[in-house]
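The structure comes first, followed by the notes.

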Amino acid sequence: MIERNLAPNLNIIRPDAPEEIPVFDLGPYLLGEAGAMEKLGTELRYALENVGFYFIVNHGLDQALIDRTFAAARRFHDLPLEEKLALKLNEHIRGYQPMKGAVTRHSAVNANNLPNVNEAIFFGPELVDDHPDVLAGKPFRGHNQWPSDLAGFREDVLAYTAAAQAVGVSLLPLYAHALELEVDFFLRGFKEPSFTFRMSHYPQTEVLQDNEFGLAPHSDTSFMTLLPENEVPGLSIRLPNGRWIDAPVLKGSILVNGGDMLRRYTNDRFLATPHKVVNRSGVERYAIPFFMDCSYDFVMECLPTCQSPSNPPRYEAFSYADYRAFYRASNFGPTLAATTA
Ligand SMILES: O=C(O)CCC(=O)C(=O)O
Ligand SMILES: [Fe+2]
């Protein structure tokens, strides 16, 4: 059972916390240069203990594929509403969530009460019809819903999610080093990563009500979120010193952050830093965050290097499905669907 202790460390404002989001060049590490893994891993520890966000550059994800995926998000959201509504979000977090279709109630930093001014379509791992989990009706293990009439869309989404997953997995040895664990520690738990891939559309909005956002202040649920650089601004981040900053723009980068599953797994050692979106750019904004988690059946037990007799585990062991079910229940509003990622 997951208890409702949502995010204690978010309430602690640390005036001394850094204001900069670190930038990591993955080039030498991906080439296997001696010492590169240890150096980056140590820097990653600092980033996740003190900021909760970092940029990666030279990450190996093809920019043409990123561009095509942004274009695919636009093409999807340009479809007539009836076609999108035919793919209505199902209980497995796959499908279309209409504009203002969800309230982010699950937030430790703001009392959100108005629906988010965005629409989105969600995908998860593509499972074959006779996958044992599908046949068994396991939660969050259903089918993706694809638009019938959008040439190349499915191929682009599948190529992008495979590529983003490869980037996420390539970072896992750094997380292991950061947490003083054997280098392949997380690779074992992430053999078949769970993920949610979200393609969001934020219409440009000049006038917002009080407490209304494109996406209200929230922390992600994920172990790791990968967000490719967006040419349209709108994302801001609440740093651990309590200050909101606009996310810096860094050409060709991917912004990575930790969510609540990482925070719980690390006994609150690594941050799940809140962020929000408001699109006042004057143009339509699209975003393609990839939320990556461990294998479906893996159980996250408080990491050995994140506990001690004076710092015992604060959370019971949990699986991806346990956390998603808890999140859905705690985020569910009386009339509106829960937000999903
Ligand atoms: O739109 C963005 O830039 C960020 C989106 C986000 O934070 C989310 O979908 O969880
Ligand atoms: Fe987010």
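Of the 341 residues in the chain, 59% are buried. The model is a predicted one. Its secondary structure consists of nine helices and 17 strands.

**Overall shape**
- The radius of gyration is 19 Å, which agrees with the value near 20 Å for a compact globule, because that is what the rule gives for 341 residues.
- The C-alpha trace spans about 55 × 50 × 40 Å along its principal axes.
- Counting contacts between residues at least 6 apart in sequence, 80% join residues at least 24 apart.

**Iron site**
- Three residues coordinate the iron ion (ligand 2): His218 through NE2, Asp220 through OD and His275 through NE2, at 2.1 to 2.2 Å.
- Along the chain, the donors follow the spacing H-x1-D-x54-H.
- Asp220 sits in the loop between strand 7 (215–218) and strand 8 (224–228), while His275 belongs to strand 12 (residues 275–277), so this pair ties together parts that are 55 residues apart in sequence.
- Both Asp220 and His275 are buried.

Key. Residues are numbered from 1 along each chain as its sequence is written. Chains are lettered from A and ligands numbered from 1 in the order in which they are written. This is a predicted model: local features need pLDDT of at least 70, side-chain atom pairs count only at pLDDT 80 or more; totals for chains, interfaces and linings use all residues. Side-chain values use heavy atoms; hydrogens and water are left out. Donors are N, O and S atoms within 2.8 Å of the metal (3.2 Å for Na, K and Ca); water is not among the atoms, so sites may look incomplete. Helices (H or I, at least four residues) and strands (E, at least two) are DSSP runs, numbered from the N terminus. Buried means under 20% relative accessible area, exposed over 50%, partly exposed in between (1.4 Å probe, protein chains only). The radius of gyration is taken over C-alpha atoms; the globule rule is 2.2 Å times the number of residues to the power 0.38. Contact means heavy atoms within 4.5 Å.
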